[in-house]
Amino acid sequence: MRRTVALAALVAVGALLVVLVEPPARRSGPDSVRGPRVFRTSVAGVRRLEVTVGGRRLVAERTHDGWRVDGVPAPSERRDALHDLVTLLAGLRAIDAFRASSFAAFGLDPPSATIVLVTPRGPQRLALGRPNTAGSALYARRDEQARVLQLGIYLVSALDRVLAGVPARAAS
Amino acid sequence: MSGRAARGWAQLGLHVGLLLLGLSLLQVAAERANRRIDLTRTRELSLSGVTEQVLREVAHPLRITVFHRRGERGQHAALLERMRLVNPRVEYELLDLDRYPERARAHGISQYGRAVVEYEGRRAVVLALPEEQVTGGILRVLRGRARRLVFTSGHGERPPGGGPDTYGRFTAALEAENYLPEATSLVDADVPEDVDLVVVAGPKHDFLEPETTRLAAFLRRGGGLVVFLEPGRLPVLSRWLASMGIRLGDDFVVDHERSIIGTDGLAAVVELFKRGNPISQSPGNPIESGAVLPSARSVEVAAPVPGVDAESIARTAPTAWAMADLDRARRGEQPTEAAHDVPGGASVMVMAEVGEPRADGRRGRVVVVGDADFATDAYIDLLGNRDLALNATAWVSEEPALTGERSKNVAEVFRPLSPLVLTERQARGLLLGTAVAQPGLVLAVGAVVVAIRRRRT
């Protein structure tokens, strides 16, 4: 009788676990990447953002009333794009990180784009290179570190949104 | 400590020491020896016989560089390590394409899963998986050039690729073994000089005299010809083959007693192969089961012809019939001697060497098979069909690494059907056994037990 009760209790515990325990949520997109974090900051810690892609450059500063671009309050679309970009950058994780002897092969010498996040701790610079062979990731490098990072290609579309309408500056 | 206790401890120490020594020696022996036993059903952890033969030909350092996707290193490493174990001259390197883009660009690689095979200054880029792709790349650098394969066209032949009735998989297998296939008409042009192999794939219409003349010239200069023929009249082609002592039967070989499930009941089962034959007993790819020819005609050696060494190498089972009327055969009618049908095993495959040897000793080679369907996508994976088609091709193109030497005047060897394929008779027996006999036996035993117990009570 005792053994029967013990087995029944075991079955009941198993049934309870099946009902209560949920499977881990399947992540997709940027949330699925679990590599090293690229920036050491939170969203609120970003005071200033500088983005340079080719001849196009944008400098945005966070003020008490939102984002200002070149001293002028940003329109709503750019404000939203800036917020999304900063959120993305603050939580950005690398798909892969490895040491490389030459950065030119990855389009990092010179880089094709740079992102600078200015935080209370100081500026944090990210150089972007060329896409990988599959076009699924972008090579990048943080603050002259020896490591090359691979970042999700979705970063490119976030940058494009921020820079939409920003003209390329003529070479001086 | 008393003497007894000390002895105990000493014994313990000795046992532990001996155990460690034994384990260490075993480990050293294991490191030096390399033996693996592949118990997987499809031998997926072992290299194929063809690959091993090709690897044994490697006499100088051969380098394989694989550019893989992140996370896929292991699957490529396993294959390459197996190759290196066969021949230590094989060196390999595995590179994450994303981490080494410059080296990939230097090799002209822009896709994941590609292997660069380098040997004696020659280079080939192939898929890094499956195994036969890498083997094809090794063959290409060993030989120095890809081999040219021509399918004749213009007579309703089966095309090289595109569906169940085509030779897609056969062609793909040959591509993996370093062949470059193309279709060519011989009506207006000779077989090009650098062609190694010509395949006649089930022509529906007859050849013209100039075409057979061109094929004869191709054979005279040492070429390899494989002819797959369906039942049907092809007078010009028949005459030409007869001039080489190969007779095409105007018949349709059927075997109603051994009809295979999944075919239309007209298939001829090839069970008898000549022993020691480089096609059926290729060292790299021996045919270990029979073969099924869905719609076959007899092909046999007629009177000997000077300059031609021909022999029949495959026969159907003794239960087959060669039916004289093709329409009756296709309708599934029963064969009968009254209708001039011939009972008994029929020869369905002939191999021949033709002409005088060239300076390098090479002679023209031809294999004639009395069926074209067996090598199509629909049937090539049935029993030994694939090996039969590829071994025949390998022999005519003189791939010594793949075929081995010929033996003459040897007995036939019986190749029973694989137990995985059932004839209709076997299927009926299986059904009766499992659905009737077995439950019936249980019922009978139960009845006996009941009767005995009642008698006791």
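The structure is a predicted model, in which local features require pLDDT of at least 70 and side-chain atom pairs count only at pLDDT 80 or more, whereas totals for chains, interfaces and linings use all residues. Residues are numbered from 1 along each chain as its sequence is written, chains are lettered from A and ligands numbered from 1 in the order in which they are written, and side-chain values use heavy atoms, with hydrogens and water left out.

Chain A contains three helices and nine strands, where helices (H or I, at least four residues) and strands (E, at least two) are DSSP runs numbered from the N terminus. From the N terminus on, these elements follow the order α-β-β-β-β-α-β-β-β-β-β-α. Of the 172 residues of chain A, 38% are buried; buried denotes under 20% relative accessible area, exposed over 50%, and partly exposed the range in between, with a 1.4 Å probe and protein chains only. Among the contacts of chain A with a separation of 6 or more, 56% come from residues 24 or more positions apart, a contact being heavy atoms within 4.5 Å.

Helix H1 of chain A comprises the 19 residues 2-20. The expected span of a helix is 1.5 Å times one less than its number of residues; for H1(A) this gives 27 Å, which agrees with the 27 Å between its end C-alpha atoms. H1(A) is hardly covered, and the count of buried residues in this helix is zero.

The nine strands of chain A form an open sheet with antiparallel pairing, in the order S4-S3-S2-S1-S6-S7-S8-S9-S5. Two strands are taken to pair if DSSP finds at least two bridges between them. Strand S4 (72-73) and strand S5 (96-99) of chain A form the edges, each pairing on one side only. Within the sheet, strand S7 (residues 122-131) and strand S8 (residues 137-142) of chain A are joined by four bridges in the antiparallel sense, and Ala127(A) in this pairing stands opposite Arg141(A) in S8(A).

Two helices of chain A contact strands of the sheet. Helix H3 (residues 154-163) of chain A packs on the sheet and touches S1, S2, S6, S7, S8 and strand S9 (147-152), with its direction at about 80° to that of S2(A). Helix H2 (residues 76-90) of chain A lies across strand S1 (48-53), strand S2 (56-63), strand S3 (66-69) and strand S6 (113-119), and runs at about 105° to S3(A). For these angles, axes are lines fitted to C-alpha atoms, for helices over the stretch in contact, and values run from 0 to 180 degrees between N-to-C directions.

The contact between the two chains takes twelve residues from chain A and eleven residues from chain B. Together the chains bury about 930 Å², of which 47% is on carbon and sulfur atoms; buried area is the accessible area (1.4 Å probe) that two parts lose on being put together, summed over both. On the chain B side, Arg70(B), Asp98(B) and Arg99(B) lose the most area to chain A, together 52% of what that side buries. Two salt bridges are counted between chain B and chain A, a salt bridge being a side-chain nitrogen of Lys or Arg within 4 Å of a carboxyl oxygen of Asp or Glu. Arg99(B) forms a salt bridge with Asp96(A), with the closest N and O atoms 2.7 Å apart.

Within chain B, strand S11 (residues 268-274) is mostly covered, with seven of its seven residues buried. S11(B) runs antiparallel to strand S12 (residues 291-293) of chain B, to which three bridges join it, and Val270(B) stands opposite Ala291(B) in S12(B). Strand S14 (residues 308-316) of chain B also pairs with S11(B) in the antiparallel sense over three bridges; in this case Phe273(B) stands opposite Ala314(B) in S14(B).

Most residues other than glycine have a negative phi, and most peptide bonds are trans. The peptide bond from Asp109(A) to Pro110(A), however, is cis, with omega near 0°, and Pro110(A) is found in the loop between S5 and S6 of chain A. In chain B, the peptide bond from Leu129(B) to Pro130(B) is cis, with omega near 0°; Pro130(B) lies in the loop between strand S4 (122-127) and helix H5 (131-143) of chain B. Asp143(A), in the loop between S8 and S9 of chain A, has a positive phi near 45° and is partly exposed, with a relative accessible area of 30%. Glu120(B) has a positive phi of about 50° and is partly exposed at 48% relative accessible area.
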